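Please look over the sequence and the structure below before reading on. The paragraphs that follow go from the whole chain to single residues.

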Amino acid sequence: MGTFARLARRALETETPVMVQIQELFRGTKDAVSLAQVGCLLACLLLGFFISFAFHLHLEGVVYWQPPKKALDKVKEMVWDPSVSCYGTDEGLPELRNALIEKLHRDNKLYKSSVMVTAGANQAFVNIVLALCDAGDRVVMFAPYYFNAYMSFQMTGVTDIVVGPSNPTTLQPDADWLKEVLSKKPVPKLVTVVNPGNPSGTHIPESLLKTISELCKSAGSWLVVDNTYEYFMYDGLNHSCIEGDHVLNLFSFSKAYGMMGWRIGYIAYPTEVEGLAEQLLKIQDNIPICAPIISQRLALYSLETGTEWVRDKVKDLVKNRALLLDALTPLGLDSVKGGEGALYLWAKLPDDHQDDFKVVRWLAKRHRVVVIPGSASGGPGYVRISFGGLKESDCEVAAGRLRRGLEELVRDGMVE
Ligand SMILES: *[C@@H]1O[C@H](CO)[C@@H](O)[C@H](O)[C@H]1NC(C)=O
């Protein structure tokens, strides 16, 4: 018998059961798809669920639209341009970074930040963790949390993750709790929030964001704010950003411009902090070197199309949200929260059906509608419902299935 080469604990000990169970379910759903020979429409619908679910496996929600046509057309003409096949500067194309700095001024009121373009916001987050945290450092998140951020901590050895509570009514991070935790030793190295939230869709108002930022500043902790869904705000609410020498902001092109597969995100980090840019660059040079050039071009041309294009797409999502809110009524009014922003509603399952994985599996198998178990985000007994991945007509079908499923769940339980 030889000695087997062993796998790293950093990977093995990173949260996986959630993924494994979702994959199991995913395989079940796939079989359901192959049964769908009853007509093209149904097949397409099932495929829609299948596709949106497949995306969930790797990241988060999706939107149903593609990037602006004008931007795609321009990029199509660029493929023979030699620069597209070369490396670019690590921190991103100068034209794109300039355009982003302008955008940060205009849309986010961030005036003292530098920009690093990354291969999506998940990679941006990993860069940040590697640049700011050492293995063993304490970090803070709030439940329900964005699971990929949790995993990024775990796989870089930052395993002292303290998960704080959210206000039970608003789902906003609990600042009083944060104050307590920041006053204890070891002082957390980094605090992270998502605004508006994934998986909750909760908006963090400017005043609360300021409070969180000031608490972090006086404790000497970094604050990392994920603004992936900055344009996904509803009901007249406005998204705001916060700036400071201890604050890093993350952004993404994936949802706003329908660029999920192009993998472009960026970090806005404080220019003044000595050494930060150098450390971020060191890490960037070892992971993607630079974000794909063709994708950066598409991001630049999409930005030129303007944020009005995005707002125009986003404004119709409230129709999907209304359909799904209606579908969730069997759970009771007080059970459904969030949805002020982003693409998500966060719903509590009935008290006698708190095994979220079981309910999700049952809904997929019996009612052919797929939602995400809250356990994946530190919220057992809840489910996350995305209202961004389907066109209104498809969403209507999904909502119908969800409603029938939940009605049956509440009335008869999980009958086979
Ligand atoms: C959001 O911003 C708009 C435009 O600046 C403003 O008219 C509106 O009152 C703001 N909404 C809230 C809830 O603050």
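Residues are numbered from 1 along each chain as its sequence is written, and side-chain values use heavy atoms, with hydrogens and water left out.

The predictor's confidence in each residue, pLDDT, runs from 0 to 100; its mean over the chain is 90, and 89% of the residues reach 70 or more. Over residues 30-59, however, the pLDDT is below 50. Where pLDDT is low, the predicted coordinates should not be read in detail.

Of the 416 residues in the chain, 54% are buried, where buried means under 20% relative accessible area, exposed over 50%, and partly exposed in between (1.4 Å probe, protein chains only). Ser 302, which has its place in helix H11 (residues 293-305), counts as buried because its relative accessibility is 0%. Leaving aside neighbours within four places in sequence, Ser 302 is in contact (heavy atoms within 4.5 Å) with Pro 67, Pro 68, Ala 71, Tyr 257 and Met 259.

The loop between strand S4 (190-194) and helix H9 (206-219) holds Pro 196, and a cis peptide bond with omega of about -10 degrees joins Asn 195 to Pro 196. Pro 199 is also found in the loop between S4 and H9, and the peptide bond from Asn 198 to Pro 199 is cis, with omega near 20 degrees.

Key: This is a predicted model: local features need pLDDT of at least 70, side-chain atom pairs count only at pLDDT 80 or more; totals for chains, interfaces and linings use all residues. Helices (H or I, at least four residues) and strands (E, at least two) are DSSP runs, numbered from the N terminus.
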